[in-house]
Amino acid sequence: MSEVLHKLVGQWVGEEQIATTRWGEGGPATAEIDARFDLGGKALILDYRETRDGKPSLAVHAVFVAGPEHDQFQLFWFDSYGFVPSSPAQGLWDGNKLSFVRSSSRGQTRHVYVFKDDGGYSLALESSFDGGLSWESVMRGEYRRKTA
């Protein structure tokens with residue numbers, strides 16, 4: 001399995017800023033993430049729980065797999081809003097950044113994971129409703145490893 005996906009393994013906590021979008025009001029959120037390899041090391045399973053105003057607000061079960069080339073990846077994203085992928089999001093590793101674009105009847109969502117020198121990472125989610133010509137912010141988060 002790619003060393004890129006190993007960067008996401010572990011338990012994480014994060015601070016997020018949710019943008020006001022057509023789906024709801026923006027504001028601060030916190031997140032807890034548990035990411036581990038499964039299926040004989042063939043897939044990275046990431047479970048995400050977001051909390052807003054002290055209440056659970058979003059849950060995600062994501063599956064990452066490495067593609068045939070060293071810089072290609074796929075993402076299967078399932079969430080408590082009801083998103084079920086018809087096909088995986090294609091991803092690309094570029095230096096310290098892992099990017100995916102998911103497509104559905106709700107438009108496109110771009111995920112950009114940026115790995116930091118201190119071992120943490122950031123995630124930006126953006127949506128497009130015009131085939132990727134323009135993008136609007138959905139969420140930005142900063143994550144660090146959970147300490148005991």
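Read along the sequence, the protein chain follows the pattern α-β-β-β-β-β-β-β-β-β-β, with helices (H or I, at least four residues) and strands (E, at least two) taken as DSSP runs numbered from the N terminus. Its radius of gyration, taken over C-alpha atoms, is 15 Å, close to the 15 Å that the globule rule gives for 148 residues, so the chain is as compact as a globular protein of that length; that rule is 2.2 Å times the number of residues to the power 0.38.

This is a predicted model, where local features need pLDDT of at least 70, side-chain atom pairs count only at pLDDT 80 or more, and totals for chains, interfaces and linings use all residues. Residues are numbered from 1 along each chain as its sequence is written, and side-chain values use heavy atoms, leaving out hydrogens and water.

**The barrel**
- Ten strands form a closed barrel, running β1-β2-β3-β4-β5-β6-β7-β8-β9-β10 with antiparallel pairing (strands pair if DSSP finds at least two bridges between them).
- Seven bridges join β4 (residues 55-66) to β5 (residues 72-79) in the antiparallel sense.
- A62 has W77 in β5 as its bridge partner.

**The core**
- The largest nonpolar core holds 32 residues, and F64, L98, F100, Y113, Y121 and Y143 have the most contacts inside it.
- Such a core is a set of buried (under 20% relative accessible area, 1.4 Å probe, protein chains only) Ala, Val, Leu, Ile, Met, Phe, Trp, Tyr and Cys residues joined through side-chain atoms within 4.5 Å.
- Not counting residues up to four places away in sequence, Y121 touches residues including L8, W12, I33 and Y143 (contact means heavy atoms within 4.5 Å).

**Overall**
- Buried residues make up 41% of the 148 residues.
- The C-alpha trace spans about 40 × 40 × 25 Å along its principal axes.

Note on methods:
Buried < 20%, exposed > 50% of the residue type's maximum accessible area, 1.4 Å probe, protein only.
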